[in-house]
Amino acid sequence: MEYDFKAIESKWREYWAKTGIFKTPARPIRSGGPASPLPELTAGQAGKKKYYLLEMFAYPSGDIHIGHFRNYAMGDAYYRYKKMCGYDLLHPFGWDAFGLPAEEAAIKNKLHPRNWTLNNITTSRTTLQDLSISYDWDREVITCQPDYYKWTQWIFLLLYKRGLAYQADSFVNWCPGCKTVLANEQVDAQGQCWRCHSDVGKRNLKQWFFKITDYAERLLKDIDKLTHWPENIKTMQRNWIGRSEGTEIQFPIANCELRIGVFTTRPDTIYGVTFMAIAPEHPLVEKLVTPEQKDKVAAYVKQALAKSEIDRASADEKDGVFTGSYAVNPLSGEQVQLWVTDYVLVHYGTGIVMGVPAHDQRDFLFARKYNIPIKVVINPPAKTLSPETMTEAYADEGVMTNSGPFNGLPSAEGIGKVTEYVRKKGLGEPNVHYRLKDWLLSRQRYWGAPIPMVHCPKCNVQPVPESDLPVLLPEDVKDFIPKGRSPLADVKKFMDAKCPKCGGPAQRDPDTMDTFVCSSWYHLRYTDPKNTKEPFSKAEAAKWLPIDTYIGGSEHACGHLIYFRFITKVLYDAGWVNVDEPAVRLFNQGMVMDEKGEVMSKSKGNAVSPIDLMNTQGMDASRLAIFFAGPSETEMVWSDQVVVGARRFINRLYQLVESLPPATAEAVGDTRKLAAAAEMSKLYRKMHLTIKEVTEDIEQFHFNTALSKIMELVNNIYDVKNLLRHPTRAADMEGVKGIIRKATRVAVQLIAPLAPHLAEELWEKLSEQNSIFNQAWLKHDPSALEQEKIELVIQVNGKVRSHITVPSGTAEDEIKKQALADEKVQQILKGAPPKKVILIPGRLVNIVG
């Protein structure tokens, strides 16, 4: 009889929905706070340990495709496994519904973003429910709904009150395609928009920022706490935060009261400064340029800002323009030219660098191009450099020269000496700078959470009172196409407001928030999603935090995964949560590729629908195909042929249960007595070895190897089942039947997280009444893995000469040593060393003399 996947999967999907098996269990309230970490719940307090399992929520820009399904299927399998392990689980889902992905798709389809988004959510929710993913839909969150973004606005106000939100004029990343500002984290390594891949330029705009730099050191230091995060993610975050220790030195401007600060990690080279360079977008450029150079500098700045930061920072030839001003070296007193150059980036250090051509290659090339002097102040050991003969900068350590009182010092020692000197003289001080810059969150788009601030001509910027939240996004906006300014600025009934302070006429802020603000705290709302009085109850959050396993893509390493760490720390400091890191473990799933090796996506038209697979191949077959295709953390190439093999295995296991021989209750239960015969003993050991290995594999998300080992067990069961055809080979037929039934039950229980519908059906056929997911996860018997001694054949030059008996698990070197020490082998070799010794594990030792 063949497995009828349509009828069986529909049957168990309805059963799970009816019984509410995926509902989040209630847990007792815990007390405590940031100052006193909460203890683990004991068995007497809760009965079960908690487990918060979370997959990153989805952009609802279309229906779920196979790439999403891989992610959610892995989470579902892990949920079912953990449930069988006895945990209370929180496994919610929701929708990252605001922002560019949804809005761009809505514009393309000529629909209002709200209608497009909510329709997609309805479709995708139905798809996930049809796929039997184990989400508690009572905890669903939708970030574009007022009951959610009210609290996103509340979080903005919390940061504002704590001095962590501010508005400032700044040159910002501007995407001409999306017609909006982008955070640094949303510009890719090629200097293009993360969403539409347009080349990103610069604009000077007044924008809102979160002061994430106040948390830079903690974000960096606490990466060491993330012991269960992938090393590549931690490395990317360390590099993105980019801590640099150095010295900040003040350079006076000649004939002017201005001073400019320069951050350098090589203060030992300060006597070699022959020019200064300032970023084109630096706010001091206008003050530093002389009237004679004003037009040239303005033209150059415009040209430079049209380039991407990637191009500006590349190793290609650099250019610049002289400002007409001179800076004074505070140690040597020499005047040096101040240039505007495109290779200096405003957000690195102070946005101004000291040009030391002899000891920095970019400065060297720049100086050669513009005939700027080169001065050697670091010589290699036992060598003297001459600027006239240098073909490249000398950037290594050496001995200081032409450096006043520091001559003769090793340059490494000179770094500290010069720093201490400028500190004592009041010319500078040691400092730390970070590559990480404040989080730019203003967006000149319609589809986002409105920024809860009011601009009053009398009182300046004022926060909206919490009692007036949410500031509703108007729904009847027809012209939401981006034009380079916020569409809300043209919606009079939205913009007109009263000042919360003086009551006079005022204007709302026209920008909306970056969607990454919405996703920076969604994991917290899941703990208490229906709360209308606060973003979440502290007590409810304390029951579930932190996230125990977080599943999502590595592309979020320097965006969302930093932002949600930052917001968690802010809320920890404010006393709202009892953890300062949101997730204990992070797992990055691999992308799904088509047979041409291209990433599957709706925009490319190569996405495979899991619903189509469910209708034609079955959901469990599709799941097993995904699991078997390769390691969960690596890319997988989708092929319909993989599903064919999965269906074949499902039928094989189904038919095994269907054809099981009857056995007495005693024979089924007492497996130790069943393990006497050799074949039964092997199956008994294989059964417990499989329990052990599958458990270890699922814990590590190695679903491919877990499935492979279950398949091996099923094959072994069939091998022993064949004994029933040869009664003379088995002294105790009831024993054979018993071990077959026992091992089959084990196979069904182990496959349950991976093929849940199949497992429920087979569990019922094994005369079980309750859901298999209410059964305890199997534990292996360590004693079953201890084999008695095994006999190995010894061959010498292809002929059997002797046998040795060794304990199972003996090391290869020890087996070879014992074989060579055998008396008969010694007689044949006559003391000569063998040319080769080959071990075939479990069978023989082949010695070539």
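In this predicted model, helix α21 (residues 640-658) and helix α25 (residues 703-721) pack at an angle of about 40 degrees, with their axes 11 Å apart.

**Helices α21 and α25**
- From α21, Phe 649, Arg 652, Leu 653, Gln 655 and Leu 656 take part in the contact, and they meet Leu 707, Ile 710, Met 711, Val 714, Asn 715, Ile 717, Tyr 718 and Lys 721 of α25.
- Sorted by class, this contact of α21 with α25 has 9 nonpolar, 2 polar and 2 charged residues.

**Helices α3 and α20**
- Helix α3 (residues 66-84) packs with helix α20 (residues 619-628) at an angle of about 95 degrees, their axes being 10 Å apart, and the two are therefore roughly perpendicular to each other.
- The residues of α3 that meet α20 include Ile 66, Phe 69 and Arg 70, while those on the α20 side include Met 619, Ser 622 and Arg 623.
- By class, the contact of α3 with α20 has 8 nonpolar, 1 polar and 4 charged residues.

**Helix α28 and its cover**
- In helix α28 (residues 812-821), the buried residues are Ile 815, Lys 816 and Ala 819; seen down the axis of α28, they fall within an arc of 95 degrees, so they line one face of the helix.
- Asp 813, Lys 817 and Ala 821, on the other side of α28, are exposed.
- The cover over the buried residues of α28 includes β28 (790-796), β29 (799-806), α29 (823-829), β30 (836-840) and β31 (844-848).

Methods
Residues are numbered from 1 along each chain as its sequence is written. This is a predicted model: local features need pLDDT of at least 70, side-chain atom pairs count only at pLDDT 80 or more; totals for chains, interfaces and linings use all residues. Side-chain values use heavy atoms; hydrogens and water are left out. Axes are lines fitted to C-alpha atoms, for helices over the stretch in contact, and angles run from 0 to 180 degrees between N-to-C directions. Helices (H or I, at least four residues) and strands (E, at least two) are DSSP runs, numbered from the N terminus. Angles under 35 degrees count as roughly parallel, over 145 as roughly antiparallel, 65 to 115 as roughly perpendicular and the rest as oblique. Contact means heavy atoms within 4.5 Å. Ala, Val, Leu, Ile, Met, Phe, Trp, Tyr, Cys and Pro count as nonpolar, Asp, Glu, Lys and Arg as charged, and the others, Gly among them, as polar. Buried means under 20% relative accessible area, exposed over 50%, partly exposed in between (1.4 Å probe, protein chains only). The arc is that of the directions from the helix axis to the C-beta atoms.
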